[in-house]
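Please walk me through this structure. Start with a strand, then move to a helix and a chain contact.

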Amino acid sequence: MSHRDTFLHLSVIAVLFAAFFVLPAYHSGSLARIMVLAIYAMGYNLAFGYTGLLSLGHALFFAAGMYGLGLTMQLGGWAAIPAFALALVASLVVAGVVGVLALRTRGVGFMIVTLMFAQAGYLTALYFVQYTRGDEGFVIDQAARAIGPADLSSEAGRYFAALFLFAVTLLVIGALVRAPFGRTLIAIRENEARATMLGYDVQRLKWIALVVSGTISGAAGAAYALLFGYAGASFAGVQYSIFPLLYVLLGGAGTTLGPLIGAIFMFYLIDLSSGITNAYMLIAGVVLVLLTMFLPHGILGTLRKRALPWLP
Amino acid sequence: MMLSTRGLTKTYAGVKANTDVDFDLPKGQIRALIGPNGAGKSTFVGMLCGRIPATRGTVTLDGQDISRLPAHKRIAMGIAYTFQITSVFAGLSVRENLALAARRHLHSAAVVTAKVDDVLDRVDLAGRADQIAGDLSYGHQRILEIGMGLAQDPRLFILDEPTQGLAETEIAAFKTLILSLTDTTILLIEHNMGVVMETAEYITVLNFGQILAEGTPDQIRGNADVQAAYLGTGNA
Amino acid sequence: MEFGPHLMLAMLEGAVTAAILALTAMGLSVVFGVMRVVNVAHGEFYMLGAVIAWFVAATLGTHPAVGFVAALVIAPLLVGALASLADVLILQRINYDPERTIVATIGLLYILQQGTLMTFGPDARPVEPPFNHRLALPWVEWGEQGLALYWPWGLSITSYKLFVIVAAAAILGALWLFMTRTRAGLVMRATQQDSNMARAFGIPVARVYALVFGLGAALAAMGAVLIVPIQQAHYLMGHDPLLLSFIVVIIGGLGSLPGTIIAAILIGMSDGIISVFFSPTLAKILATLAVAMVLVFRPQGLLGKKAA
């Protein structure tokens, strides 16, 4: 069974690899962005889809990674790799602290507490406007956006760096959710009281899940800043906490490929509608409402329920 | 002693659910805990396994004071607990439910699989191993829950009304199963007097949150206070 | 200006904020109290109230007072009806499942906000106040002849702002009478106590929920109609009231109506005062962190009672 999962994941990675050579430049550019957003959503999915922690504040972790990399590169003059490492540490620490506090609450309380922490983070980014340049944001020098000889600001460099990170995340998460650790997280989502009474330290496991989830989200934020050369406070706003929720709900919560599917669909829906109107978030609102009403398991979740029970 | 409590008390907003319960359960015994509705049985076992924090008093497991430990640590020390209201992982398969119970103390995948297969046979659910637990009948869910307890290989197995809602044949199978667990100390909350009399070696009667009587099934059967408590005429 | 008059000015501005906030947060609190629903779209009902007020005033085009009074009636009714419709069409169908409700109301938030952007446009639009006299305020000073009154430059308030405070208090008073003295209010409170029991006694719980959701939105719309002559109507104006209402409802104890009013006064006043003396962004950071901490360490709210 696990071979089938791995085969599926490797096939998806291979298709994405081939897509660069087939697709026109505009779409491969979009796909690079989608892969980074999908990494973010995969991180989110670990908390929400697998562990049942509905956070409304993941933009805080995304932004911690983005600013962790952006500020050290732009203000500190760091190279890409150490800046990326620092971004991971930054999001890990933020997720660790938020986790300790927010996990004292549950359900609606958890949603509001994470929302509030993220809001405080967004406002903090605005408050230190002399460094972050607030909503307007700042650009990261193109020259610095390279790892050795690989230019990450070029079309190909950006695409394959995004693909590399996406592939690593997908394979790691695929392995994680098959391992006893992942199965236990699902058990917590299904029935927390029972998991406790089987002897699992639910509180600690939830914390670990949130920290891993936050760190992956931070990696996505750092990758976004590195590959697209920009960091701004709007990425810390509520909207960027809603996006991964939207992607995951649409693609299928608790499925390994749901975040990618959801990100592709939403990205193109918003992309197409923003060509028609400036009210492009309308489509996000409509999709959220329709999903909660008619497709609560999302695309892959429904597929798994109806036809393909083996789907990872 | 496998389990002892001293002065165990629980107060809910001034109302006492359990008052100064001193309770001893020797190793290997099958003990039934009975008493009229509202006697404080579920609160008492809740305090034993840590689901409900005690207002005061101590709980000792096999000589170790566990009064301050959170529930999951007590469970990890060898207690298994089945819920009064069926509580399984409804979205997961029967096999996965049992594996989750076994994995807490067994670590290699092969050993877990062997354990799960063993339990599936013992509770007669092998034919339904790949069904989703939530799709099982109520009776089968209860049996699965007992199976999860078995998969934990507990030293002390606490069952809260395990036969509630089971059919006669299932109850008979349950009695056989309990009697076959020779190495396990068992604490059974039970309303079905047939099950109590046939399985328990010793019985504790709880009334108004206190121990009303203790003794062998025959002694309890002949106890006037217990009869009064059940008939609701006496206030002990 | 000296510190004393400056503080008084800040407190007056804070009182206006508190009055509007009390109305808006009360809407959120009533909905949460009766239905246990966290309505994330609440700020958008507020925004719609302001936009409709502009529309009514601009369409009538007569004396500002006529437009204002018309808006004060029409906007809450329309917004309330829209909210009731959303309740019936969306929330009832997902059985008010707490998490799905929040996701659905997030969706509703974007639908209302972006729908307004498409129709009303991105510009901020003013509404003329029905009356607007400047009232200079005196301050006392210890002079040579003992206490003396004087009128410091800049220490003033408009008659309209005073009216806002009085009107908000009157609306809240009327709400309190409605909840405690009328049959409809009794039915609402019975439903709040125990919806299953209420259903057993023949109360049409679904209809009560739709009305309560409408009432909550209408309260936000009333707050917006009152504020729109001071702040302009804009499609993004719902964000801050939503956040502040959340803060108020949480600090006041979820669903506690007296707690909500006390917390609104507390938060509105301190927001006004802190914003005058410090950076408003810093004030908001501290307020959001404070709320998060209250939820973490005292989930029943600062003013709420501990659950048994």
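Is strand β9 (residues 202-207) of chain B largely enclosed by the rest of the structure or exposed, and why? Five of its six residues are buried, so β9(B) is largely enclosed. Buried means 20 or more other C-beta atoms, placed from the backbone, within 10 Å of the residue's own. Strands are DSSP runs of E, at least two residues, and helices are runs of H or I, at least four, both numbered from the N terminus.

This is a predicted model: local features need pLDDT of at least 70, side-chain atom pairs count only at pLDDT 80 or more, and totals for chains, interfaces and linings use all residues. Residues are numbered from 1 along each chain as its sequence is written, while chains are lettered from A and ligands numbered from 1 in the order written.

Now the partners of β9(B). Strand β3 (residues 30-34) of chain B runs parallel to β9(B), joined by four bridges; strands pair if DSSP finds at least two bridges between them. Here B:Ala32 stands opposite B:Ile203. Strand β10 (residues 210-215) of chain B pairs with β9(B) in the antiparallel sense over five bridges. B:Val205 faces B:Ala213 there. Two residues lie between the strands of this hairpin, and B:Phe208 takes a positive phi near 50°.

Turn to chain C. Its buried residues in helix α10 (residues 257-277) include C:Ile261, C:Ile267 and C:Asp271. The buried residues of α10(C) pack against α1 (3-35), α5 (159-181), α9 and α11 of chain C.

Finally, 35 residues of chain C are in contact with 35 residues of chain A; contact means C-beta atoms, placed from the backbone, within 7 Å. The largest share of chain C's side, 16 residues, comes from α4(C).

Definitions and conventions: Contact = placed C-beta atoms within 7 Å. Expected span 1.5 Å × (residues − 1). Buried ≥ 20, exposed ≤ 12 C-beta atoms within 10 Å, placed from the backbone.
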